[in-house]
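Got a fold to walk through here, one question at a time. Have a look at it first, then we'll get going.

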Amino acid sequence: MVNGIIIIDKEPGFTSHDVVAKMRGICGQKKIGHTGTLDPMAAGVLPVCLGSGTRLCDMLADRDKEYVAELLLGVETDTQDITGQVLTEKPVEVPEAEVRAACAGFQGEYDQIPPMYSALKVNGRKLYELARAGKEVERRARRVQIPELEILECRLPMVRMRVVCSKGTYIRTLCADIGARLGCGGVMQSLRRTRVGRFTLAEALTLGQLQQMRDEDRLAEAVLPVDSVFADCPLLHVSDEYRRLLDNGNAVSPLQTAENIRLEAGRWVRFYRGDGSFAGIYTYDEQRQWYRPVKMFL
């Protein structure tokens, strides 16, 4: 069984589930999961976890993401993107300076109302199921973070922008919100995810490229080790004398580690066995003065 992560450059037209299904055929195993849904019209970085790496799925879904999106002003649709049913069309008469100011106004934190066409559940029903049935329900706004929003091109009514955002941010809703603030409406015309956490397009492969590597018996070259996700975390080793603590997922005392590092409460650290094999992610519990496991990868 393959264990690790493969970074896929998803092509438009595929759902994230389509990618997983195709990879099960390419890799010859069932234990595969993706780390965050990309809309079918969207393209770009989709980390896919295999084998024991599937324990990473929720951890990667929490990472910040970067997108390049095209906003088309003057149009509103029911899905907030260009694929939906057109609700209104208006002339775009606002000057470029006002458009730039409106976009800049969304940088930072803001309360975003999730779209009806999304997989979020209300009373056990997915919102998109309700939307397809012609129903609209009240959705609670969620605080999202947009630390970076850079306009790459402004050729009205089209605005191309780079957005870095937190988990749970809907870029098509951002486009619609910008259009609403300008009074002319707006939809997402295209979307490409360029980064998830530390993983970028530079290391991503299309499904076609992955298939070719499999046919050339080079599939292992595409697989990143599980611990590569945590490259920014300090690492600690436990000697063979205390290896059973890691193998059993037990807490570890700082006195049982080979390194002497500054202990920071709450910070994640990577734990390795004496032979260099990765065991899991721990965090320091200041009150108990030991490292407790966050997630094990045994």
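What follows is a set of questions and answers on this structure.

Q: What kind of model is this, and how are residues numbered along each chain?
A: This is a predicted model, where local features need pLDDT of at least 70, side-chain atom pairs count only at pLDDT 80 or more, and totals for chains, interfaces and linings use all residues. Side-chain values use heavy atoms, with hydrogens and water left out, and residues are numbered along each chain, as its sequence is written, from 1.

Q: How many helices and strands does the protein have?
A: Helices (H or I, at least four residues) and strands (E, at least two) are DSSP runs, numbered from the N terminus. The C-alpha trace spans about 75 × 50 × 40 Å along its principal axes. Into that go 7 helices and 18 strands.

Q: What share of the 298 residues is buried?
A: Buried means under 20% relative accessible area, exposed means over 50%, and partly exposed is in between (1.4 Å probe, protein chains only). With that cut-off, buried residues make up, of the 298 in the protein, 47%.

Q: Which residues of the largest nonpolar core touch the most other members?
A: A nonpolar core is a set of buried Ala, Val, Leu, Ile, Met, Phe, Trp, Tyr and Cys residues joined through side-chain atoms within 4.5 Å. The largest one has 48 residues, and a second, separate core of 19 residues includes V196, F199, C233 and I281. In the largest, the members touching the most others are M23, I171, L174 and L210.

Q: Leaving aside neighbours within four places in sequence, which residues is L210 in contact with?
A: Contact means heavy atoms within 4.5 Å. Across the protein, 66% of the contacts with a separation of 6 or more are between residues 24 or more positions apart. For L210, leaving aside neighbours within four places, the list is I6, I8, M23, I26, L205, L219 and A222.

Q: How far apart in space are G208 and I26, C-alpha to C-alpha?
A: G208 sits in helix α6 (residues 207–215) and is partly exposed, at 45% relative accessible area. In sequence, G208 and I26 are 182 residues apart. In space, C-alpha to C-alpha, the distance is 9.9 Å.

Q: Why do the buried residues of α3 line one face of the helix, and which residues are exposed on the other side?
A: The buried residues of α3 (residues 96–104) are V99, A102 and C103. Seen down the helix axis they fall within an arc of 100 degrees (taken from the directions from the axis to the C-beta atoms), so they line one face of α3. That buried set packs against β4 (65–73), β11 (148–155), β12 (158–165) and α5 (171–182). On the other side, the exposed residues are A97 and A101.

Q: Which residue does R143 meet in a salt bridge?
A: A salt bridge is a side-chain nitrogen of Lys or Arg within 4 Å of a carboxyl oxygen of Asp or Glu, and by this rule there are 19. R143's bridge has an N to O distance of 2.6 Å. The pair links strand β10 with strand β7 (residues 108–112), 32 residues apart. The partner, in β7, is D111.

Q: Is Q29 buried or exposed?
A: Q29 lies in the loop between α1 (16–27) and β2 (32–34). A polar atom of the Q29 side chain is 2.7 Å from the backbone nitrogen of V2. At 9% relative accessibility, Q29 counts as buried.

Q: Which backbone oxygen does the side chain of R139 reach?
A: R139 is in the loop between α4 (127–132) and β10 (142–146). Not counting residues up to four places away, R139 touches I113, P114, P115, M116 and L127. At 2.9 Å, the side chain of R139 reaches the backbone oxygen of P114.

Q: Which residue in the hairpin of β17 and β18 takes a positive phi?
A: Strands β17 (residues 278–285) and β18 (residues 290–296) pair in the antiparallel sense over 6 bridges, pairing being at least two DSSP bridges between two strands. D285 has W290 as its bridge partner in β18. There are 4 residues between the strands, and the one with a positive phi near 60 degrees is Q289.

Key:
A polar contact is a pair of N or O atoms within 3.5 Å; within protein, one must be able to donate a hydrogen and the other to accept it, and residues adjacent in sequence count only if both atoms are side-chain atoms.
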